Number of protein chains: 2
Amino acid sequence: MSPIHPQRTSRDAPPTIYDVARAAGVAPSTVSRAFSRPGRVNATTAERIRQIAAELGYRANPIARALPTGHTSMITLASSDITNPYYFEIIRGAQAAAAERHYTTLLADAQESGVLEREALDRTVPSVEGIVLASTRMSDTAIRMLAKLKPLIVVNRDITDVPNVVTDHAMSVHQAASHLVELGHRRITYIGGPEAAWANGMRWRALHEYAAGRDDLHVRQLGPYPPTAAGGVRAADDFAAQRTTAAIVYNDLMAIGFMRCLHALGARIPADVSVVGFDNIFAADLVVPGLTTVAPPLRTLGSMAVHNLLALIGGAHTTAVQPLALPTRLYERESTSPPPSRRRAWRPVERTAAATAGNRLPSPP
Amino acid sequence: MSPIHPQRTSRDAPPTIYDVARAAGVAPSTVSRAFSRPGRVNATTAERIRQIAAELGYRANPIARALPTGHTSMITLASSDITNPYYFEIIRGAQAAAAERHYTTLLADAQESGVLEREALDRTVPSVEGIVLASTRMSDTAIRMLAKLKPLIVVNRDITDVPNVVTDHAMSVHQAASHLVELGHRRITYIGGPEAAWANGMRWRALHEYAAGRDDLHVRQLGPYPPTAAGGVRAADDFAAQRTTAAIVYNDLMAIGFMRCLHALGARIPADVSVVGFDNIFAADLVVPGLTTVAPPLRTLGSMAVHNLLALIGGAHTTAVQPLALPTRLYERESTSPPPSRRRAWRPVERTAAATAGNRLPSPP
DNA sequence: CAGGCGACGGCAAGCGGTTGCCACCAGTTG
DNA sequence: CAACTGGTGGCAACCGCTTGCCGTCGCCTG
């Protein structure tokens, strides 16, 4: 692989347009134009300049360029927690879209702390052209303030007057529910996540509406529970106390804890209980049985966010950028099947040690 | 009147030292010094200036500052794949250490592509003060060239003349092995990862040396296998054909596939076979039984890398920065226990459908 | 052949900070 | 009392690149 500056291997100052200009016998401004204003300079001189620049290993200094133009070719991508499996692909989609347009992303990881988030944002915002908020602890009003400062797009959060991209929650719930209905389930429980989570309300409402359209389907709700494996374990106890054949769980982490505890309670999955999660996290495919789950369009979410952001930066008006609801996709694995016949319904047994093991939170490395 | 700043017209320009200077009745240079050279200006004037600056909402423009000083307060953190669970914590450790020193990290995600890596690096390198290579596809020589250009630290890779931080592989293997030995195991198999992986050779060698020191312990090696869940499944077949009671597996992903397949072959884990992995990935705590594993000091790896990098940037000589081998830690979960008594050794049964399920690779979202 | 015009290159003024150097003003010192 | 000194503040020259504006020149037009 070629070194970045073939000619100069030492760490001294890289060549500038002045060096190139001198070598080519032209003015610095001509060198500048040869690169940034293609038609403006005679084709042959331009070619000669580029030739010489290449020989010298010249590369435009992005900082110097940014100063007069304000055009840094950087955006910040703020996430409250890059460790959360949920955000990798958003980040990747965003980075890919940015790279395609020769933009660099500054990743502001808040590590779940409001203070760190503020600091990271403070540190990066002055030098970027726009901001993508992939997830944030900030209040709506704080976000609106920030949006006044720089072009900004929010992901998966609906704030009036701030352009955003979100997943189509109604669609995701429809996919989960109709999958279960097609398998023959008629009684479905929604295992709720945190009450404060926007998506939680959206999901339950969507499921409720879905059921309202068909009188052979009964849905109910349990929760709220914390959105963790431990939360799923708690939910399993409550679930066992009633008689529905399938669960749609707020997220995969909960669904995994839920399945583990249900198993310990003597239920066979999917024979006795079918389980569908949301998010399609990496571990969904690693557990046994594999978890059927609805995957959000993470990658697309990220890339659309950046696309819209760049449009905004390019001068598009806020109102011209439509809020987008992106389609989800169902991954069928082994945690769903037709419901058991009525007479063979499962009854919970005494909880064993294995079940309580699920109470342990993932240990921090 | 500034036609040079077409963007600034909508969102108005933030205040500069000139604005502050005028408001305070001093020269711009004094304002500059009030912030960047604390003792240089009279304490009371400095205070007054800071006061006025705060009122105006002045914030130093990092780009403008970087131009004359070359001090951008940014470093790039290159990872071949931010989606890999292995790198989150390295990234976090690095970001935290950087943030502490008011440095911003540019994340260059190569998405496993050499071309993208090159591009990302090209794009970011000119505007940063140093580079951390968390994982890379680059050749040793390419890395050495890059190191000539800017201060650089490599993580988990040993390149002569390039400062690095690595995990203590010998220690990690000792922890795994002595844990098993203490439980009573005397015959241990090492399930190898890719032959090309540096860590793989290190681990087998360390295990071999560990065993050489004690004549009641027998170790052997199987592999190489791909470092995936599917690789672990293949290894399980081979493992079943011999008679050791414990496996130390190249990484957690393989270990999970390995356990799953072994289970399908009729082995009880840990009663029949004890399994230890490496890396302590998130899923290690989600599978049943929980996987006992040796955790690399990821966070520390990242933060030490940045610490050393900043030292290098600060002018420390390369040789002054010692290569570091950082200590690992064993997480005991449920996949290890004393070995079965000799007469109750397990025999593999016919493989069932569940076993082959493990062959599926995690589906890409 | 004068006037006009487009193509092309150069000049110089920034962008917003930093910093070497000098000026000025007490306050000391011999 | 002159010379010296340390503490402060201002001036102006950068850092490397962009770009408005102007000058030059060759060519076209009437």
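Q: Leaving aside its neighbours within four places in sequence, which residues is B:F258 in contact with?

A: Two residues are in contact if their C-beta atoms, placed from the backbone, lie within 7 Å. For B:F258 the partners are B:I191, B:G232, B:A235, B:A236, B:A247, B:V249 and B:V275. This is a predicted model, in which local features need pLDDT of at least 70 and side-chain atom pairs count only at pLDDT 80 or more, while totals for chains, interfaces and linings use all residues. Residues are numbered from 1 along each chain as its sequence is written, and chains are lettered from A in the order in which they are written.

Q: How many residues does the contact take from chain A and from chain B?

A: The size of an interface is often given as the accessible area lost when the parts come together. Counted in residues, the contact takes 56 from chain A and 61 from chain B. By class, the chain A side that touches chain B has 31 nonpolar residues (Ala, Val, Leu, Ile, Met, Phe, Trp, Tyr, Cys and Pro), nine charged ones (Asp, Glu, Lys and Arg) and 16 polar ones (the others, Gly among them).

Q: Which residues are closest to DNA strand C?

A: A residue is near a strand if its C-beta atom, placed from the backbone, lies within 6 Å of it. Of the 26 residues that surround DNA strand C, the closest are A:S29, A:P68, B:S29, B:S32 and B:A64. By class, this surface has 13 nonpolar, 11 polar and two charged residues.

Q: What surrounds DNA strand D?

A: DNA strand D is surrounded by 26 residues, the closest being A:T16, A:S29, B:S29, B:N42 and B:P68. The surface near DNA strand D has 14 nonpolar, 10 polar and two charged residues.
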